[in-house]
Amino acid sequence: MKRKGLGFYAKIYCKILAQDLKSKMSYRADFIISTVGMICTNIAGFISFWILFRNFPSINGWSYYEMLFLYGFSLVSLTPVQCFFDNNWSLRQNVYTGDFIKYCFRPINTFFYYQSEVFDIKGLGQLAFGLGTLIYSWIKIGLGFTPLMLLKTVVFMITASLIMIAMQNAAAATCFWIQNSFYVLDLAFRFKDYAKYPITIFSPVFRFIFTFLMPIAFIAYYPSLVILRPDKVPVLSWLSPVIGIAFFWLSYKIWMHGAKNYSGTGS
Amino acid sequence: MKLKKYLTLTRAGIIEALQFRLSFVVMVIGNLLYLIVVYFLWKAIYASAGTDVVNGMTFTDTLIYLVLATALFNFMEMYTVWEIGRNIQSGKIVLDLLKPMEYRKYLFWSYSGSFVTQFFLTFLPTFVAVAVVTHGAVPMGINLLYFVISVVMAVSVNYSIDFIVGTICLYTESIWGINIMKQVVVLLLSGATIPIAFFPDTLRTVVNFLPFQSIYNAPLSLLLNGSPDTETLLTTLGTQLIWCIVMMAISKVFWKVSLRQITVNGG
């Protein structure tokens, strides 16, 4: 098989995306309700956050606005996994029913083709909400604004996204080996809720676990330290882009390994 | 005997639930992780607060409350909305409607098996673990009886709410959005994520007039209170009973009216 260039894939992605949006638009009511549901989730998350901080002015040396920054950061960095990799949730059914085999026969990358099939617009509501929170807390902390800081923010946000995408891919890929992988995926999905807390609240053992075994701390904590506490950034924060790429690559390999060994259901 | 036909469904549910052992393991790991996060988060919160008692709750109280709220959630979550929604989409609902049993009851009793398994496999172990870890901070007396009575009513209220929301799916044919909205509203306003004692006064007053606090806050506050005075006891249980009856009536009437609306494609 000849290797196809990036331009080719970009073009094909837009074509598939257009088809997906068209089919989504035919279920307009469902689309609107889902979007409202997503916004409700974010508002509820924010309300519980607010109730908590009404009672406690700071947690472990982290002020209200700093925690808000972490919260907004995690929301924004979770957008790509929601928007571009939502088809992972259907992988289980596709593998189970045998529909997955159709992806194996296309002359393009299976992983790419599978993920490109669904674009989840709901994620955009979350993006807006997260950006609002982030900008608000940014101003309140008085971080100032330079092009370098913006660049740092973008780079480290992509890093954080990669980690979450990696966890989601790996969790979804378990369905190639076990039945009922929904629980695994749901577990990985719930990690995002823990990402918004500073890792320093945990004991050393769990700090280690949440950094290296289940890299939750890389979704918001380590990357945002670069912005929030620029004078004492730990090495792990600087390393996080590398770790993000490594985890993503690893999850891609796991996913593809499962897909390559997929033998179909015979139907 | 009338009860026998229901108990047959319970038995079938138990057998079905025991089929999925691996998902059970994953669920336990997920809960354990959640409990760890909750433990450290609230520990840090209380450490930063500087006082032992916040809003009339100590750290141990809060911990017991939140841990058991999670256990209760796992115990009570029946995925009713998903089930109804899926049955509508697939058309299976037609077969269920033909059964010589009210649909509302049929659905409840076919899930009752998972109550039994969940109670013994997750709720009881969690309860024992919490009692041991907190060195017997859970009062063991007559309050256990009140707790059980309260939980039974909580299950009923929760099911009625689920059933009402499920009925809405008849109109919207959207499941995900409706379900996520229900979930965040119930979890937040029932005091499952943050104890209602921490809510600001106005919000708490509003929440007390809503049915949701009957689900988590009522049983848990009865459990934590070793020697409740008769007045508190009667108001809590009385409010629950009223909501029980009201929500049941609403869900029955709403279902009856909505059934005329149903359109099933195939099945």
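Read along the sequence, chain B runs α-α-β-β-α-α-α-α-α-α-α-α-α, a total of eleven helices and two strands. Helices (H or I, at least four residues) and strands (E, at least two) are DSSP runs, numbered from the N terminus. The model is predicted: local features need pLDDT of at least 70, side-chain atom pairs count only at pLDDT 80 or more, and totals for chains, interfaces and linings use all residues. Residues are numbered from 1 along each chain as its sequence is written, while chains are lettered from A and ligands numbered from 1 in the order in which they are written.

**The two chains**

Chain A contains 13 helices and two strands. Its radius of gyration is 20 Å, close to the 18 Å given by the globule rule for 267 residues, so chain A is as compact as a globular protein of that length. For chain B, a compact globule of 267 residues would have a radius of gyration near 18 Å, and the value of 20 Å agrees. The radius is taken over C-alpha atoms, and the rule is 2.2 Å times the number of residues to the power 0.38.

The table lists further values for each chain. A residue is buried if 20 or more other C-beta atoms lie within 10 Å of its own, exposed if 12 or fewer, and partly exposed in between, with C-beta atoms placed from the backbone. Two residues are in contact if their C-beta atoms, so placed, lie within 7 Å.

**The contact between the chains**

The contact takes 31 residues from chain B and 31 residues from chain A. On the side of chain B that touches chain A, α2 (21-49) and α8 (176-189) of chain B each supply at least two residues. The most comes from α2(B), with 13 residues. By class, this side of chain B has 22 nonpolar, eight polar and one charged. Ala, Val, Leu, Ile, Met, Phe, Trp, Tyr, Cys and Pro count as nonpolar, Asp, Glu, Lys and Arg as charged, and the others, Gly among them, as polar.

**Details within chain B**

The axes of helix α7 (residues 142-172) and helix α10 (residues 217-224) of chain B come within 8 Å and cross at roughly 175 degrees. The two helices, α7(B) and α10(B), are therefore roughly antiparallel to each other (an angle over 145 degrees). Among the residues that meet are F147(B) and V151(B) in α7(B), with P219(B) and L222(B) in α10(B).

G191(B) is placed in the loop between α8 and α9 (201-208) of chain B. This residue is buried, with 25 other C-beta atoms within 10 Å. Not counting residues up to four places away in sequence, G191(B) touches I196(B), Q213(B), Y216(B) and N217(B).

**Details within chain A**

Helix α10 of chain A (residues 182-194) has 13 residues, which at 1.5 Å a residue should span 18 Å; its end C-alpha atoms are 19 Å apart, which agrees. The expected span is 1.5 Å times one less than the number of residues. Buried residues in α10(A) include Y183(A), L185(A) and F191(A).

R207(A) lies in helix α11 (residues 204-213) of chain A and is partly exposed, with 15 other C-beta atoms within 10 Å.

Note on methods: Axes are lines fitted to C-alpha atoms, for helices over the stretch in contact, and angles run from 0 to 180 degrees between N-to-C directions. Angles under 35 degrees count as roughly parallel, over 145 as roughly antiparallel, 65 to 115 as roughly perpendicular and the rest as oblique.
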